[in-house]
Amino acid sequence: MKILVVEDEKKVASFIKRGLEEEQYEVETSFDGEEGLKKGLEGGYDLIVLDVMLPKKDGLTVVKELRAKKSATPVLMLTAKDSVEDIVAGLSSGSDDYLTKPFAFAELVARVRALLRRSEQDRGAEIRFNDLRLDPVSHKVWRSDKEIDLTAKEYGLLEYFMRNPNQVLTRTMIAEHVWDYTFDSFTNIIDVYVNYLRKKIDREADKKLIHTVRGVGYILKEED
Ligand code: CA
């Protein structure tokens, strides 16, 4: 497993590199956003650990450009900020998870493992529900044969719904499965993402598929 670490603080970068190497990962480092983006686009990495505050190009721009160029490599964002708005900005730009600095190394390793495990599970057969179709290999989604463009997080959320149709999914379950941990007071992030997803999946359709279960969570089903 090969990991790219993009971090301009050389001490932090080498600390992460050494630690991940002890966990048997192969690690390369980049010290600015431009070089990080170039390496990320060249591919060959199973995961990118990306700092937000970077010289030449910030982390949010790097992840947006990676996704715009159809790179599906999982991205773990390192952020010094922990307000809900900044986390939402990071996740909606296309990163898969985030970690607030300063962090314990064990926490970083846990997130890295979870992201790698999830991207392995992604390799699988196409899933269908009603006129929705999802390809876990290419991360493409269609409704009534019309392709729908989703961010990495919206895709993860829809895949979780489609793997568990006709079941009420609580906000806690969604947080744990799609983000791998609970947000505690940040559960409104779930609502924000479900609304993004609904706009893309249901807004122009006659039949709505994602329904709110008031006070509990959400369900993917055919009728209200
Ligand atoms: Ca930095």
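These are my notebook entries on a predicted model.

**Entry 1: the calcium ion**

I started with the metal. I looked up which residues hold the calcium ion. They are Asp8 (OD), Asp51 (OD) and Met53 (O), at 2.1 to 2.3 Å. Along the chain, these donors follow the spacing D-x42-D-x1-M. I then placed two of them. Aspartate 8 sits in the loop between strand E1 (2-6) and helix H1 (10-22). Methionine 53 sits in the loop between strand E3 (47-51) and helix H3 (59-68). The pair is 45 residues apart and links distant parts of the chain.

Next I checked accessibility. Aspartate 8 has 28% relative accessibility, so I noted it as partly exposed, the class between 20% and 50%. Methionine 53 has a relative accessible area of 56%. Exposed means over 50%, so methionine 53 is exposed.

Serine 30 lies in strand E2 (residues 26-30). Is serine 30 buried or exposed? Its relative accessibility is 0%, and under 20% means buried, so serine 30 counts as buried. I listed its contacts, leaving aside neighbours within four places in sequence. Serine 30 touches Leu4, Val5, Val6, Glu7, Glu35, Gly36 and Lys39.

Glutamate 34 belongs to helix H2 (residues 33-42). Its relative accessible area is 44%, and I wrote down partly exposed. Again I set aside neighbours within four places in sequence. Glutamate 34 is then in contact with Lys56 and Lys57. I also took a C-alpha distance. Glutamate 34 and leucine 54 are 20 residues apart along the chain, and their C-alpha atoms are separated by 9.1 Å.

**Entry 2: a sheet of four strands**

I looked for a sheet and found an open one. Its 4 strands run in the order E6-E7-E8-E9, with antiparallel pairing. Which strands stand at the edges? They are strand E6 (127-129) and strand E9 (146-148). Each has a single partner strand, so one side of each is left without a neighbour in the sheet. From one strand to the next, the twist averages 25°.

Strands of a sheet pair through backbone hydrogen bonds, either parallel or antiparallel.

I zoomed in on one pairing. Strand E8 (residues 140-143) is joined to E9 by 3 bridges, and the two run antiparallel. In this pair, valine 141 stands opposite isoleucine 148 of E9. Then I checked what packs on the sheet. Helix H6 (residues 152-163) does, touching E6, strand E7 (132-135) and E8. The direction of H6 makes about 115° with that of E7.

**Entry 3: H6 meets H7**

I followed H6 to its partner, helix H7 (residues 171-178). Their axes come within 10 Å and cross at roughly 120°. Roughly perpendicular covers 65 to 115 degrees, and over 145 is roughly antiparallel, so H6 and H7 are oblique to each other. Their crossing is right-handed. From H6, the contact uses Lys153, Gly156, Leu157, Tyr160 and Phe161. From H7, it uses Met173, Ile174, His177 and Val178.

**Entry 4: a hairpin**

I ended with strand E11 (residues 210-213) and strand E12 (residues 217-220). They run antiparallel and are joined by 4 bridges. The bridge partner of threonine 212 is tyrosine 218 in E12. I then looked at the turn. The hairpin has 3 residues between the strands. Glycine 215 takes a positive phi there, near 80°.

Notes. Residues are numbered from 1 along each chain as its sequence is written. This is a predicted model: local features need pLDDT of at least 70, side-chain atom pairs count only at pLDDT 80 or more; totals for chains, interfaces and linings use all residues. Side-chain values use heavy atoms; hydrogens and water are left out. Donors are N, O and S atoms within 2.8 Å of the metal (3.2 Å for Na, K and Ca); water is not among the atoms, so sites may look incomplete. Buried means under 20% relative accessible area, exposed over 50%, partly exposed in between (1.4 Å probe, protein chains only). Two strands pair if DSSP finds at least two bridges between them. Axes are lines fitted to C-alpha atoms, for helices over the stretch in contact, and angles run from 0 to 180 degrees between N-to-C directions. Contact means heavy atoms within 4.5 Å. Angles under 35 degrees count as roughly parallel, over 145 as roughly antiparallel, 65 to 115 as roughly perpendicular and the rest as oblique. A crossing is left-handed if the near helix is turned anticlockwise from the far one by less than a right angle, and right-handed if clockwise.
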